[in-house]
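Hello,

Here is the structure I promised to pass on to you. Please have a look at it, and below you will find my notes on what turned up.

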Amino acid sequence: MLLDVNEVSALPFFADTPGWDAAQCDVRGLAPSPSGALLAYAVDGSGYETYNVRVRDAASGVELDEQIVGTAGSVAWAGDATLFYTKFDAAHRPYQVWRHALGSDQAADGVGYEGGDGVSNGGGAATGDGT
């Protein structure tokens with residue numbers, strides 16, 4: 001098993017996140033990396049549906065120190081070292097797709113796509129070859 005979603009609220013990072021409550025735990029966006037070595041997933045414990053993306057080693061189940069905060073809960077891989085994730089606009093609609101290199105600070109992430117009409121939602125997914 002890659003991730004037991006019923007156990008996520010018991011993981012140390014969950015308890016260390018201010019304002020999160022186990023009763024509000026919501027996990028989504030589970031995405032194995034193309035090689036299957038890593039698993040990215042989005043988790044919220046606030047009830048506001050604003051997710052932090054986490055990454056774990058699929059073989060050992062060990063959580064990596066990787067965390068992307070304030071996302072809309074969608075995640076997709078581009079190879080084993082790059083993640084794409086969505087962020088909300090002021091109305092809490094997904095409208096931007098961001099690129100994150102594993103091991104880098106989230107502040108270095110860049111916008112790959114931005115929807116500007118205020119009506120449509122933005123998102124992304126990897127193709128069958130991982131691109």
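Let me start with the nonpolar cores, a core being a set of buried Ala, Val, Leu, Ile, Met, Phe, Trp, Tyr and Cys residues joined through side-chain atoms within 4.5 Å. The largest one has 13 residues, and A40, V53, V55, I68, V75, W77 and L83 are those with the most contacts inside it. Two or more residues of this core come from each of β2, β3, β5 (75-77) and β6. Apart from it lies another core of 10 residues, including V8, V27, L39 and V43. In soluble globular proteins, nonpolar side chains tend to be buried together. "Buried" here is under 20% relative accessible area, "exposed" is over 50%, and "partly exposed" is in between (1.4 Å probe, protein chains only). Helices (H or I, at least four residues) and strands (E, at least two) are DSSP runs, numbered from the N terminus.

A word on the source: this is a predicted model, in which local features need pLDDT of at least 70 and side-chain atom pairs count only at pLDDT 80 or more, while totals for chains, interfaces and linings use all residues. Residues are numbered from 1 along each chain as its sequence is written, and side-chain values use heavy atoms, with hydrogens and water left out.

As for confidence, pLDDT (the predictor's confidence in each residue, from 0 to 100) averages 90 over the chain, and 87% of the residues score at least 70.

E66 is buried without a salt bridge, and R54, the nearest side chain of opposite charge, is 9.3 Å away. A salt bridge needs a side-chain nitrogen of Lys or Arg within 4 Å of a carboxyl oxygen of Asp or Glu; Lys and Arg count as positive, Asp and Glu as negative, and His and the chain ends are not counted. The side chains of E66 and H100 are, however, joined by a polar contact of 2.5 Å. That term means a pair of N or O atoms within 3.5 Å; within protein, one must be able to donate a hydrogen and the other to accept it, and residues adjacent in sequence count only if both atoms are side-chain atoms.

Finally, E49, though not a glycine, has a positive phi of about 60 degrees.

Best wishes
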